[in-house]
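Let's read a new structure together, one feature at a time.

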Amino acid sequence: MERPEQTGAGAEAPTRGREATRERILASAKTLFTSEGYGAVSSRKIASHAGVNVALINRYFGSKAGLLTEILREDGVFPRLIEEGSPEDLTERLAEHSVGRLHGEGTPLQLSLDDSAGDPDLQSVYQGRLKSALIDPLAVYLGGPDARVHASLVAAVLLGVGRVRRVEGAAALRAHDREQLKERVLALLELCLRDFGEPEPEAY
């Protein structure tokens, strides 16, 4: 026989317990992913670190990849870059972030995940985040009939720089003058956001 759903104060304690367990799993996963790398950490190890049954990871997050997706959603860099600051400085913020990542800057978690960039799970998570953390919020932020086209072009530039950094190492780019690199990336991003009816800027 099913128990009736609890309401009021009696229902609050189990809810608080579930939330506390969920947060403990997230904290343990973030700590382990940062210190040991995504590929080296199993769901069982996360559960042991958090002091919970491994089945709870699947219950709350679906998988280890789902757990990472939630961590990245909570710690999302691009939504903050898009929303914090004036619209006039948007491309400046994105260009600075892109060039900074070329030079090995980033959060401890980002830098650790860079070492696991070839992991298929991680690539799948990043593909999903490209849409949910960059293209979607940027299109909403920009507004207008071509917002999604502009947002997708910006994502293509940032993704391209990131891809070169992860695959080739970007030694030549890092050796170049940082401000000049930033100005070139900035020019590309501004071109991506230019209205399609505007005349094209003069070539360099």
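**Reading a predicted model**

Q: Is Thr91 buried or exposed?
A: This is a predicted model, and in it Thr91 has a relative accessible area of 8%. Buried means under 20%, so Thr91 counts as buried.

Q: Where does Thr91 lie, and in which helix?
A: Look for helix H6, which covers residues 90-102; Thr91 lies in it.

Q: Which residues is Thr91 in contact with, leaving aside its neighbours within four places in sequence?
A: Contact means heavy atoms within 4.5 Å. With those neighbours left out, Thr91 is in contact with Leu186, Leu189, Glu190 and Leu193.

Q: Let's pick Leu189 from that list. Is Leu189 buried or exposed?
A: Use the cut-off from before: under 20% is buried. Leu189 has a relative accessibility of 0%, so Leu189 is buried too. You'll find Leu189 in helix H11.

Q: What is Leu189 in contact with, leaving aside its neighbours within four places in sequence?
A: Thr91 shows up again, along with Leu94, Ala95, Val154, Val157 and Leu158. There's also a distance to look at: Leu189 and Ala151 are 38 residues apart along the chain, and their C-alpha atoms are separated by 9.8 Å.

Q: How do I read a pair of helices, say H9 and H11? At what angle do their axes cross?
A: Start with the two axes, and ask how close they come and how they cross. Helix H9 spans residues 147-167 and helix H11 spans residues 178-193; their axes come within 8 Å and cross at roughly 160°. Angles over 145 degrees count as roughly antiparallel, so H9 and H11 are roughly antiparallel to each other. The crossing of H9 and H11 is right-handed.

Q: Which residues make the contact of H9 with H11?
A: From H9 come His150, Leu153, Val154, Val157 and Leu158, while H11 brings Leu188, Leu189, Cys192 and Leu193. Sorted by class, the contact has 8 nonpolar residues, 1 polar residue and no charged ones.

Q: Now zoom out. How many helices and strands does the protein chain have?
A: The count is 11 helices and 0 strands. Reading along the sequence gives the pattern α-α-α-α-α-α-α-α-α-α-α.

Q: What do the totals for the protein chain say about buried residues and contacts?
A: Of the 204 residues in the protein chain, 36% are buried. Among contacts with a separation of 6 or more, 64% are between residues 24 or more positions apart.

Q: And what does the accessible surface of the protein chain come to?
A: About 12000 Å², with 53% of that belonging to carbon and sulfur atoms.

Terms used
Residues are numbered from 1 along each chain as its sequence is written. This is a predicted model: local features need pLDDT of at least 70, side-chain atom pairs count only at pLDDT 80 or more; totals for chains, interfaces and linings use all residues. Side-chain values use heavy atoms; hydrogens and water are left out. Helices (H or I, at least four residues) and strands (E, at least two) are DSSP runs, numbered from the N terminus. Buried means under 20% relative accessible area, exposed over 50%, partly exposed in between (1.4 Å probe, protein chains only). Accessible areas come from the Shrake-Rupley method with a 1.4 Å probe; for residues, only the protein chains shown count as cover. Axes are lines fitted to C-alpha atoms, for helices over the stretch in contact, and angles run from 0 to 180 degrees between N-to-C directions. Angles under 35 degrees count as roughly parallel, over 145 as roughly antiparallel, 65 to 115 as roughly perpendicular and the rest as oblique. A crossing is left-handed if the near helix is turned anticlockwise from the far one by less than a right angle, and right-handed if clockwise. Ala, Val, Leu, Ile, Met, Phe, Trp, Tyr, Cys and Pro count as nonpolar, Asp, Glu, Lys and Arg as charged, and the others, Gly among them, as polar.
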